Amino acid sequence: MILPGKISDFAGEWILFRTIRDAKAGQVVEADGTARLRPDGNGLIYDEEVILRIPGQKEMKGTRRYLWRAIGDNIEIQFDDGRYFHSLNLGLPNASDHHDCPPDSYDAAYDFSAWPVWSVRWIVSGPRKSYEMDTKYRLR
């Protein structure tokens, strides 16, 4: 089994497909687009552009940026302002982490077992949010 072993294994342009099952809104949102991970001297910058399809609304563009930093055998993922978000272990077929954003809670589960195809599932729960978000990535 081939697995990502270093942060540079993620550098490049990835095609992504996302499904968000929002229990609070009672709807399923879909998105597709690209994630570009490029070196910045401190690790990688993750830039994502997607087209969101929300039932009953016009398609809309969505963007996000994260900073990926190598910390030992882990990748620390930060918000674009440098605040800690979560981390994942490299060299394993699966990695998971938890992020508290009171009053809500975020649990991530990464799957690298089909590398270079990979995925992440977020389960978000709390008084304000209740959704599952699955994103699959493959190299362009």
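Reader: Which residue stands opposite serine 125?
Author: In this predicted model, serine 125 stands opposite serine 130, a residue of S10.

Reader: How many bridges join S9 to S10, and how do the two strands run?
Author: Strand S9, which covers residues 117–125, is joined to strand S10, residues 130–139, by eight bridges, and the two run antiparallel.

Reader: OK, and what is the strand order in the sheet?
Author: The sheet is open and has 10 strands, in the order S6-S5-S4-S3-S2-S1-S10-S9-S8-S7, with antiparallel pairing. Its edges are formed by strand S6 (84–89) and strand S7 (94–101), each of which pairs on one side only. From one strand to the next, the twist averages 20 degrees.

Reader: Changing topic: how many salt bridges are in the whole structure?
Author: A search of the whole structure finds 16 salt bridges. One of them is between glutamate 48 and arginine 18, whose closest N and O atoms are 2.7 Å apart.

Reader: Is glutamate 48 buried or exposed? And arginine 18, buried or exposed?
Author: Glutamate 48 has a relative accessible area of 3% and is therefore buried, and arginine 18, with a relative accessible area of 5%, is buried as well; the cut-off for calling a residue buried is under 20%.

Reader: What about aspartate 32, which residue does it form a salt bridge with?
Author: Aspartate 32 forms a salt bridge with arginine 53, and the closest N and O atoms of this pair are 2.8 Å apart. Because aspartate 32 lies in strand S2 (residues 27–39) and arginine 53 in strand S3, the pair ties together parts that are 21 residues apart in sequence. Aspartate 32 is partly exposed, at a relative accessible area of 28%, and arginine 53 also counts as partly exposed, at 27% relative accessibility.

Reader: Which residues are linked with Arg121 and Glu132 in a network?
Author: Arg21 and Asp134 are linked with Arg121 and Glu132 in a network of salt bridges.

Definitions and conventions: Residues are numbered from 1 along each chain as its sequence is written. This is a predicted model: local features need pLDDT of at least 70, side-chain atom pairs count only at pLDDT 80 or more; totals for chains, interfaces and linings use all residues. Side-chain values use heavy atoms; hydrogens and water are left out. Two strands pair if DSSP finds at least two bridges between them. Helices (H or I, at least four residues) and strands (E, at least two) are DSSP runs, numbered from the N terminus. Axes are lines fitted to C-alpha atoms, for helices over the stretch in contact, and angles run from 0 to 180 degrees between N-to-C directions. A salt bridge is a side-chain nitrogen of Lys or Arg within 4 Å of a carboxyl oxygen of Asp or Glu. Buried means under 20% relative accessible area, exposed over 50%, partly exposed in between (1.4 Å probe, protein chains only).
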